[in-house]
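This report walks through selected local features of one protein model. The structure comes first, and the notes follow.

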Amino acid sequence: MPGANDENVSRMPHNQQKSIAILGSTGSIGVSTLDIIAAFPERYSVVSLSAGGNIDLLKKQIEQFNPEIVAVADSGAAQRLRDEMPENGPQILTGTEGLVHCATHPQADMVVSAIVGAAGLVPTMAAVQAGKDIALANKEILVAAGDLFMAEVEKRGVQLIPVDSEHSAIFQSLAGQRGQDVRRLILTASGGPFRNASLADLQQVQPADALAHPNWEMGQKITIDSATMMNKGLEVIEARWLFNLPTRQIAVHIHPQSIVHSLVEYCDGAMIAQLGVPDMKTPIAYALSWPERLPLEQNPLDLCRGSDLSFSEPDLERFPCLGLAYRALEIGGTSPAVMNAANEIAVAAFLQGRIKFLQIPAVITQVMENHQTVFATEIEQVLAADAWGRQRAEQIISQGVA
Ligand code: NAD
Ligand code: MG
């Protein structure tokens, strides 16, 4: 992770093409990344792609970007894709091993880590170990294994550039500053679709209501996380590791307009922020091109037209998931990994109609209470905690949440 000073910035000459590997190419971030790559073919090429199971879209991406390796998580889907590809098509791999091949392709200069959930951990860690620079969209990796992951980033000397809009904003607001002058990071949160809902309203929330985010178009899991505000909790943990600051120096402000993407407050009271329209293409492009900027064709933010900016404190009573994330950080060790695992299972159960909206934090709380925290020194211990958290959450859901 580059620090506040960018003396050690290695500038890639304009005429040198960067080879990109994408983990999660069929998702919201993956598709936006490929849109940017398609707009700058002289600067970027694609060496590998990977996806869960959406092979119709993956096929189109293969035809357009001509990767050498493609990894498909679902083995049935991988076989269908093999059957449908011409002889001279890419190598099609499957399982975690396939993802690792995708992430460690010898020609890859940078890996865009955009698989959703802790499933991104093993391949992204492998990419770091192979010396790849990382554009990090996946926040669950740092939640599950922040200390181990950051230690590996440091050890291998790779660049880790955040894609998450808040962290990209902080990264940009730290440029040219000294780390010791930072007083606080302030992460902004839209508040999601239920910002003004009462607890009684929240009892009645259906998946379709929670999937209708007012400002951002995203994958299903992060959209539900935004509605519960677990997304902001995960981002607090992400910020803790990316910027190496204690939790007490990381605050959250509700900012419904999603224009100020986050702020850094300095010891003299100055605040530096990054503003822009809510479009992930800006932070994705910045991660790909850092320390340069790409000329994106996008309507710029018009501050003179209907863009009042307001801020308030989050309500932890209506949105207990944010408090759970602070609590998990406080406990430390495998607690955030288990919280994350329980959240992934609870969100999936909510989307399937198996539990109610307010049962999401109830499941997570119970799993966290049942967990014996381990201070992991190996990634296998984190993976074991993640597996335990999933299994315990499933048990609680199938027995009926209290
Ligand atoms: P998404 O659901 O739209 O896409 C996820 C991608 O991962 C898809 O390509 C899917 O096929 C793949 N995938 C899912 N499970 C997999 C598995 N087990 N193995 C291999 N591939 C798998 O999600 P998204 O919204 O693009 O989010 C991706 C990540 O980026 C998340 O961690 C999210 O929190 C983070 N993020 C997203 C946004 C956004 O605007 N979408 C913003 C900030 C951060
Ligand atoms: Mg974000």
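## Metal site

Along the chain, the donors of the magnesium ion (ligand 2) follow the spacing D-x1-E-x68-E. This is a predicted model. The protein donors are Asp164 (OD), Glu166 (OE) and Glu235 (OE). They lie 2.1 to 2.2 Å from the ion. Distant parts of the chain are linked here: glutamate 166 sits in helix α7 (residues 165-174), and glutamate 235 sits in helix α11 (residues 230-242). These two glutamates are 69 residues apart. Are glutamate 166 and glutamate 235 buried or exposed? Both glutamate 166 and glutamate 235 are buried.

## Helix packing

Two packed helices are described by the angle between their axes and by the distance between those axes. Two pairs are described here.

Helix α11, which carries glutamate 235, also meets helix α10 (residues 220-228). The axes of α10 and α11 cross at roughly 95° and come within 5 Å. α10 is therefore roughly perpendicular to α11. On the α10 side, the contact uses Lys221, Ile222, Asp225, Ser226 and Thr228. On the α11 side, it uses Met230, Asn231 and Leu234. By class, this contact has 3 nonpolar, 3 polar and 2 charged residues.

The second pair is helix α5 (residues 121-129) with helix α16 (residues 379-399). Their axes are 12 Å apart, and the packing angle is about 165°. An angle over 145 degrees counts as roughly antiparallel, so α5 and α16 are roughly antiparallel to each other. The crossing of α5 and α16 is right-handed. Leu121, Val122 and Met125 of α5 make the contact with Ile379, Val382 and Leu383 of α16. What classes of residue make up the contact of α5 with α16? It has 6 nonpolar residues, no polar ones and no charged ones.

Leaving out residues up to four places away in sequence, threonine 124 touches Leu23, Ser113, Ile134, Leu136, Ile141 and Phe149. Valine 100 is 24 residues from threonine 124 along the chain, and their C-alpha atoms are separated by 7.7 Å.

Tyrosine 326 is found in helix α13 (residues 320-331). Its relative accessibility is 23%, so tyrosine 326 counts as partly exposed. With neighbours within four places in sequence left aside, tyrosine 326 is in contact with Val236, Thr247, Ile250, Ala251 and Val252. Proline 336 is 10 residues from tyrosine 326 in sequence, and the C-alpha to C-alpha distance is 9.1 Å.

Arginine 293 lies in the loop between α12 and α13. At 55% relative accessibility, arginine 293 counts as exposed. Arginine 293 touches Gln172 and Tyr286, not counting residues up to four places away in sequence. Threonine 282 is 11 residues from arginine 293 along the chain, with 9.2 Å between the C-alpha atoms.

The C-alpha separations are set side by side here.

| Residue pair | Separation along the chain | C-alpha separation |
|---|---|---|
| Threonine 124 and valine 100 | 24 residues | 7.7 Å |
| Tyrosine 326 and proline 336 | 10 residues | 9.1 Å |
| Arginine 293 and threonine 282 | 11 residues | 9.2 Å |

## Backbone exceptions

Most residues other than glycine have a negative phi, and most peptide bonds are trans. Some sites in this model depart from that pattern.

Where is the cis peptide bond? The bond runs from tryptophan 290 to proline 291, with omega near 10°. Proline 291 is placed in the loop between α12 (281-289) and α13. Arginine 293 lies in the loop between α12 and α13 too.

Asparagine 66 is not a glycine, yet its phi is positive, at about 55°. Asparagine 66 is placed in the loop between α2 (55-65) and β3 (69-72). Its relative accessible area is 62%, so asparagine 66 is exposed.

Asparagine 244 also has a positive phi without being a glycine, at about 50°. The loop between α11 and β9 (250-254) holds asparagine 244. Asparagine 244 counts as exposed because its relative accessibility is 60%.

How values were computed: Residues are numbered from 1 along each chain as its sequence is written. Chains are lettered from A and ligands numbered from 1 in the order in which they are written. This is a predicted model: local features need pLDDT of at least 70, side-chain atom pairs count only at pLDDT 80 or more; totals for chains, interfaces and linings use all residues. Side-chain values use heavy atoms; hydrogens and water are left out. Donors are N, O and S atoms within 2.8 Å of the metal (3.2 Å for Na, K and Ca); water is not among the atoms, so sites may look incomplete. Helices (H or I, at least four residues) and strands (E, at least two) are DSSP runs, numbered from the N terminus. Buried means under 20% relative accessible area, exposed over 50%, partly exposed in between (1.4 Å probe, protein chains only). Axes are lines fitted to C-alpha atoms, for helices over the stretch in contact, and angles run from 0 to 180 degrees between N-to-C directions. Angles under 35 degrees count as roughly parallel, over 145 as roughly antiparallel, 65 to 115 as roughly perpendicular and the rest as oblique. A crossing is left-handed if the near helix is turned anticlockwise from the far one by less than a right angle, and right-handed if clockwise. Contact means heavy atoms within 4.5 Å. Ala, Val, Leu, Ile, Met, Phe, Trp, Tyr, Cys and Pro count as nonpolar, Asp, Glu, Lys and Arg as charged, and the others, Gly among them, as polar.
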